Amino acid sequence: MVVRRSNQRTLQALLAVATLAFLGVLVVHFAESPPEQTVTRFSFAPEGLTHTRISPDGKYILYTAQTDGESSLWLRPLGDESARHLAGTEGAIGGFWSPDSSWIGFGTATELKRVSIDGGSPITLCELQTTGFFPFLGGTWSPDDERIVFSSDLRLYDVAARGGQPELLFDPSDSPRRVSVYPHFLPTGSGPAALVYVAATSPADSWVAVLNLETGERRELGPGRRPVYSQDGYLIHGPTDSTEPGLWAWPFSLATLEPIGDAFPISTAGRAATLSHDGTLAYRDQAEIASTRTLAWRDRTGELLETLGQPQNMAQPSLSPDGQRVAVRSNESGNFDVWVHDLIRSTKIRVTFEDVNEAHPAWSPSGQEIAYRQVDVGPGDSLMRKSADGTGEAVVLVESESDLHWPDWSHDGRYLVYSEENSETGRDIRYVELGSDGAASEPVTFLSTPANEDRPQLSPDGRFLAYVSTESGRNEIYVQPFPDGPGKWPVSVNGGDQIRWSSDGSELFYAEGLTLMAVSVSTEQGFTLGQPQALFASPGLTLGGGRSYDVSADGQRFVMTMAVGDGDEEAAPPSIRVVQNWYEEFRDREQD
């Protein structure tokens, strides 16, 4: 009996050890390989959608929608199909969440505000540090709920979450990529306090950058756009060219603030990703307007008359004086260049060949040369002139340590007008006088105010200059005598951009949102304007990078760009795509 009890106790002990060992294996197994979660997808398409953000707790979708010409914020619970308008958010440009998901920050044309998800009047936190053209390009709330970093006038500012005086976070002028937008705080606890953001020189040259808030060190990590951090250990970002859709996941270490692997694609049509703490991914999903576009003629009703030229990734069309060629900005070689399309023979030639970005082409009165903007590698820009057939060397007309935009030649070839960035007054309009040898005089300031003045366009007789100004708080169009003289006349009444004169000076054309407008002009007795008349609406009016059309000599046709394969229609409106447990679809990459 004693031996049997001893054997029984020994057997029980062995079974206990075996059981513990088995349980240990299970614990290790499940610790190393967490159970798979179900990937769930759904989407919805609010009318007028422009931006979207999922709340950190994963319970709400915030989005900005434009209706009746004005944008505002809307809130939709993740498990409900009904959305609620947030009163008092009219004019919102984009929103972002507080870390506890109870507040929403947002920017307008002039202010940074916050509003409770339960409603109530928004609270103004500070005035934006802006001169009007880029008042707000993203904001982010710190994990400790103490501060907000936002982008205004292409720089990053820091302000207390309760409000106060914003401070410039750093001066980007010492970097070749002087634009700083779309900041995003990284989680704390695994490394230094830090944020990622976009550093750029142009819409086609955006890089993901990181700022260590404890040391002040800034580093560019690689090409990419609008980065956000996923709790699964990845930076989700878009491609470097803002015209291209797609989302990529980039393995990233919070401890070292460095990538730790190669990025891989997770969506071909997604834009502007946003993530909750529980691994829910939300982004704008769109059958994007094709990057390959063709030129097209439309009449004054918007009817498509014909397509022409050779398709390519093009924008900013500018008709030659004889109406037979169109200069465009295009990216076919890894950076933006000026190209010319022959509308008669359907051929094209490349005009600029430098390894920098060029844009804003404008024809000389003779049609033999083109003036354009060259984005220099270092601080500042140049305005250049070059033969329209691409031969010969480019000649510098204007050099500046500031950004230069939108040159326009007077019809007698005497003047070149343009806009220039000013750190104190925003964009100002300046001009140079061109000698018989083609050399330019010292620049002269035509108009400088605390508002932005931009997009100058001289009348055919050279007596008047039309331009865009933000003096009213939004883009409107005005006309003044040139180069001097009394008088100033407002042209647009409900916002305006993208100015063009008819060749005889009897009409001004401009874009009011997605609608092309026309205003009659008379200079027989002073300067008088008719009432603005709507011609037609076209989604393509938003695709020109500041100018998306030009007008024929008789004022009856408009040359515009159009997506290849879309016929007379542009792309479908964007939707909000929600993917719960997005990472499960890509977990097998751990075994690669």
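A salt bridge is a side-chain nitrogen of Lys or Arg within 4 Å of a carboxyl oxygen of Asp or Glu. Side chains of opposite charge can pair when their charged atoms come close. The model described here is predicted, so local features need pLDDT of at least 70, side-chain atom pairs count only at pLDDT 80 or more, and totals for chains, interfaces and linings use all residues. Residues are numbered from 1 along each chain as its sequence is written, and side-chain values use heavy atoms, with hydrogens and water left out.

The structure holds 20 salt bridges. One of them joins the side chains of Arg500 and Asp550, at 3.0 Å from N to O. This pair links distant parts of the chain, 50 residues apart: Arg500 sits in strand 43 (residues 497–501) and Asp550 in strand 48 (residues 549–551). Strands (E, at least two residues) and helices (H or I, at least four) are DSSP runs, numbered from the N terminus. Arg500 and Asp550 are both buried. Buried means under 20% relative accessible area, exposed means over 50%, and partly exposed lies in between (1.4 Å probe, protein chains only).

A second salt bridge pairs the side chains of Arg427 and Asp454 (2.5 Å, N to O). Arg427 belongs to strand 37 (residues 426–433) and Asp454 to strand 39, so the pair ties together parts that are 27 residues apart in sequence. Both residues are buried. Arg427 and Asp454 also belong to one network with Glu421, Arg455 and Asp497, joined by salt bridges that share partners.

Arg455, a member of that network, is placed in strand 39. Its relative accessible area is 13%, so Arg455 is buried. Its backbone stands out as well: phi of Arg455 is near 55 degrees, a positive value in a residue other than glycine. Most residues other than glycine have a negative phi, and most peptide bonds are trans.

The salt bridge between the side chains of Arg41 and Glu585 has an N to O distance of 2.3 Å. Arg41 lies in strand 1 (residues 40–44) and Glu585 in the segment after strand 50 (575–580), so this pair ties together parts that are 544 residues apart in sequence. Arg41 has 39% relative accessibility and therefore counts as partly exposed. Glu585 also counts as partly exposed, at 43%.

Charge also gathers on the surface. Asp57, Asp100, Asp144, Asp145, Glu146 and Asp278 form a patch of negative charge there. Patches are made of residues with over 30% relative accessible area and no salt bridge; like charges are joined within 9 Å, and nonpolar side chains (Val, Leu, Ile, Met, Phe, Trp, Tyr) within 5 Å. Lys and Arg count as positive and Asp and Glu as negative, while His and the chain ends are not counted. The place of a charge is taken as NZ of Lys, CZ of Arg, CG of Asp or CD of Glu. Asp278 is partly exposed, at 47% relative accessibility.

Two further backbone features lie in loops. Ser101 is in the loop between strand 6 (94–97) and strand 7 (103–107). Phi of Ser101 is near 65 degrees, a positive value in a residue other than glycine. At 2% relative accessibility, Ser101 is buried. The peptide bond from Phe482 to Pro483 is cis, with omega near 0 degrees. Pro483 lies in the loop between strand 41 (476–481) and strand 42 (489–490).

Several other serines are buried. Ser459 lies in the loop between strand 39 (453–458) and strand 40 (464–469). Its relative accessible area is 2%, so Ser459 counts as buried. The side chain of Ser459 makes a polar contact with the side chain of Asp461, at 2.7 Å. A polar contact is a pair of N or O atoms within 3.5 Å; within protein, one must be able to donate a hydrogen and the other to accept it, and residues adjacent in sequence count only if both atoms are side-chain atoms. Ser469 is placed in strand 40. Ser469 is buried, at 1% relative accessibility. A polar atom of the Ser469 side chain lies 3.2 Å from the backbone nitrogen of Glu471. Ser548 occupies the loop between strand 47 (533–537) and strand 48. It is buried, with a relative accessible area of 1%.

How values were computed
Accessible areas come from the Shrake-Rupley method with a 1.4 Å probe; for residues, only the protein chains shown count as cover.
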